[in-house]
Number of protein chains: 2
Amino acid sequence: MGAICRAMKNCGLDQLVLVNPSPTMDQIELRKMALKALPIYKQRKEFDSVEEAVADCGAVAMTSGVDGFYRDHASTPRQAAPELIEIAAQKPIAIVFGSEDKGMKTEELKFATHLLRIPSHHDYSSINLSQAVMLVTHELYQVIGDFSLGDEKTPPADHRFMERMFDCWDLAMKDIHFCQDEKREHMMMGLRRVLTRGTLTENDVKIMMGLARQASWAAKNLPEGDQK
Amino acid sequence: MGAICRAMKNCGLDQLVLVNPSPTMDQIELRKMALKALPIYKQRKEFDSVEEAVADCGAVAMTSGVDGFYRDHASTPRQAAPELIEIAAQKPIAIVFGSEDKGMKTEELKFATHLLRIPSHHDYSSINLSQAVMLVTHELYQVIGDFSLGDEKTPPADHRFMERMFDCWDLAMKDIHFCQDEKREHMMMGLRRVLTRGTLTENDVKIMMGLARQASWAAKNLPEGDQK
């Protein structure tokens, strides 16, 4: 339960609803797993049946780990997420999970407007409940997408800047006697390939240019046998 | 640890590698959480350092939950997964997770060829370790995609079959005196909208057609005041 609350909070959700929860709950384990997400458990709602729990919901997405009767029109959470988020703009939506051991009952599945099946390997397809919650809520969170990876500190280097760097390396190869003159063009092609595998930022190029220049400088200026 | 093993097996992975694992491991908890994935723990490899653990890997993807120094070129697991799977065809790849409490150390991050950051909500972005493992391995599994949702038992109904069904409903509306004749076309447009919200299979259409026909039959054949 604690891991479920934490997964919900990781994905920006806060309304936990329990149907007929077990009256015993290991409070120590709960706190240890929920950590900062404990308020989600404290603010939970409880109902006696799935039907009452989802009464005001504009979509009722039920997860099922097994094939079979009435379950052959399932979609993956990734497929269903955009439509669910669209509905959520107008009405609450319910994502319903069965119990860890038994899953959803067939008589509960009839209330589903969306049937979800999480892709997993046929050797062992049964997924831990809190991890199933994480996978589904993460798909919803990815659709909302109020998340951005850290920005690079500088923009991608432009062509001119890249060429200045390559010029420095061409010179450095010469200055440090890296190879015979007639092979330098070939070596530079190799270096170009290495340094264009990914997009370099201006900061990246500054480092690489500084390195080439320093190599040239060292070849000309450091005394022979210098150990520093 | 058990939940990690289970997540790996759910996603078709089997090689668990531990770096300096804690010498104490709650075996009961391990078995309870790993269930059928226990062999993954038993077949684990152990190393003294991350560097040794990843030595033979063609890609080293490290996960980091925090922004900061040397971490601003991260991608999401979803973005990185296709490239990682491509590399995995030629060399083993490593997906490296830090410890539950401390995450990856900066001095370990330098070995990363890919830096991963899992999208999560800024209110509480720190993700449970076993769930982080599940999210990343699930992205890899989705790329491989050796998973298919159950097939519908019958193909989508074709246009002709759909129109036969609508004809039956048009007649049924008339037979059961659903509305005034001049409003029937309007009502049929509403019914068409409802029944084309999702693709209907041939089985779906058979049910809906049978229902319409039976309504017509009942209106004409059942005695007035019949209670059955």
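Chains A and B meet through the same surface, because 100% of the interface residues of chain A are also interface residues in chain B. The model is a predicted one. Each side of the contact is made up of 48 residues, 48 from chain A and 48 from chain B. Superposing chain A on chain B takes a rotation of 180° with 0.0 Å of shift along the axis, at an RMSD of 0.2 Å. That is the relation of a two-fold axis.

**Symmetry axis and Gln131(A)**

- Gln131(A) is the residue of chain A that comes closest to the rotation axis, with its C-alpha at 2.8 Å.
- The residue belongs to helix α7 of chain A.
- Gln131(A) counts as buried, because its relative accessibility is 0%, below the 20% limit for that class.
- Leaving aside residues up to four places away in sequence, Gln131(A) touches Ala3(B), Ala7(B), Ser130(B), Gln131(B) and Met134(B).

**Interface between chain A and chain B**

- The size of an interface is often given as the accessible area lost when the parts come together.
- For chain A and chain B the buried area is about 4,300 Å², and carbon and sulfur atoms account for 51% of it.
- The rule identifies 23 residue pairs in polar contact across the interface of chain A and chain B, both residues at pLDDT 80 or more.
- On the side of chain A that touches chain B, at least two residues each are supplied by α1, α2, α5 (77–88) and α7 of chain A.
- Helix α7(A) gives the most to that side of chain A, with 8 residues.
- Sorted by class, the side of chain A that touches chain B holds 17 nonpolar, 16 polar and 15 charged residues.

**Helix α1 of chain A**

- Helix α1 of chain A (residues 2–10) is largely enclosed by the rest of the structure, because 8 of its 9 residues are buried.
- The buried residues of α1(A) are Gly2(A), Ala3(A), Ile4(A), Cys5(A), Arg6(A), Ala7(A), Met8(A) and Asn10(A).
- Their cover comes from both chains: it includes α2 (27–34), α3 (38–42) and α7 (129–144) of chain A, together with α7 (129–144) of chain B.

- Side chains of opposite charge can pair when their charged atoms come close.
- Over all chains, a search of the whole structure finds 18 salt bridges.
- Across the interface of chain A and chain B, the rule finds 4 salt bridges.
- One salt bridge joins the side chains of Arg78(A) and Glu139(B), with N to O at 3.0 Å.

**Salt bridges within chain A**

- Asp175(A) and Lys220(A) form a salt bridge in which the closest N and O atoms are 3.5 Å apart.
- This pair links distant parts of the chain, with Asp175(A) in helix α8 (residues 159–175) and Lys220(A) in helix α10 (residues 202–221) of chain A, 45 residues apart.

- Glu163(B) forms a salt bridge with Arg192(B), the closest N and O atoms lying 2.6 Å apart.
- The two residues link distant parts of the chain, Glu163(B) being in helix α8 (residues 159–175) and Arg192(B) in helix α9 (residues 181–195) of chain B, 29 residues apart.
- Glu163(B) is partly exposed, with a relative accessible area of 21%, and Arg192(B) also counts as partly exposed, at 27% relative accessibility.
- A salt bridge also brings together the side chains of Asp170(B) and Arg184(B), at 3.1 Å from N to O.
- Asp170(B) lies in helix α8 and Arg184(B) in helix α9 of chain B, so this pair ties together parts that are 14 residues apart in sequence.
- Asp170(B) is partly exposed, with a relative accessible area of 27%, while Arg184(B) is buried, with a relative accessible area of 13%.
- Arg78(A), Glu139(A), Arg78(B) and Glu139(B) are joined into one network by salt bridges that share partners.

Conventions:
Residues are numbered from 1 along each chain as its sequence is written. Chains are lettered from A and ligands numbered from 1 in the order in which they are written. This is a predicted model: local features need pLDDT of at least 70, side-chain atom pairs count only at pLDDT 80 or more; totals for chains, interfaces and linings use all residues. Side-chain values use heavy atoms; hydrogens and water are left out. Copies are superposed by least squares on the C-alpha atoms of residues with pLDDT of at least 70 in both. Contact means heavy atoms within 4.5 Å. Buried means under 20% relative accessible area, exposed over 50%, partly exposed in between (1.4 Å probe, protein chains only). Helices (H or I, at least four residues) and strands (E, at least two) are DSSP runs, numbered from the N terminus. Buried area is the accessible area (1.4 Å probe) that two parts lose on being put together, summed over both. A polar contact is a pair of N or O atoms within 3.5 Å; within protein, one must be able to donate a hydrogen and the other to accept it, and residues adjacent in sequence count only if both atoms are side-chain atoms. Ala, Val, Leu, Ile, Met, Phe, Trp, Tyr, Cys and Pro count as nonpolar, Asp, Glu, Lys and Arg as charged, and the others, Gly among them, as polar.
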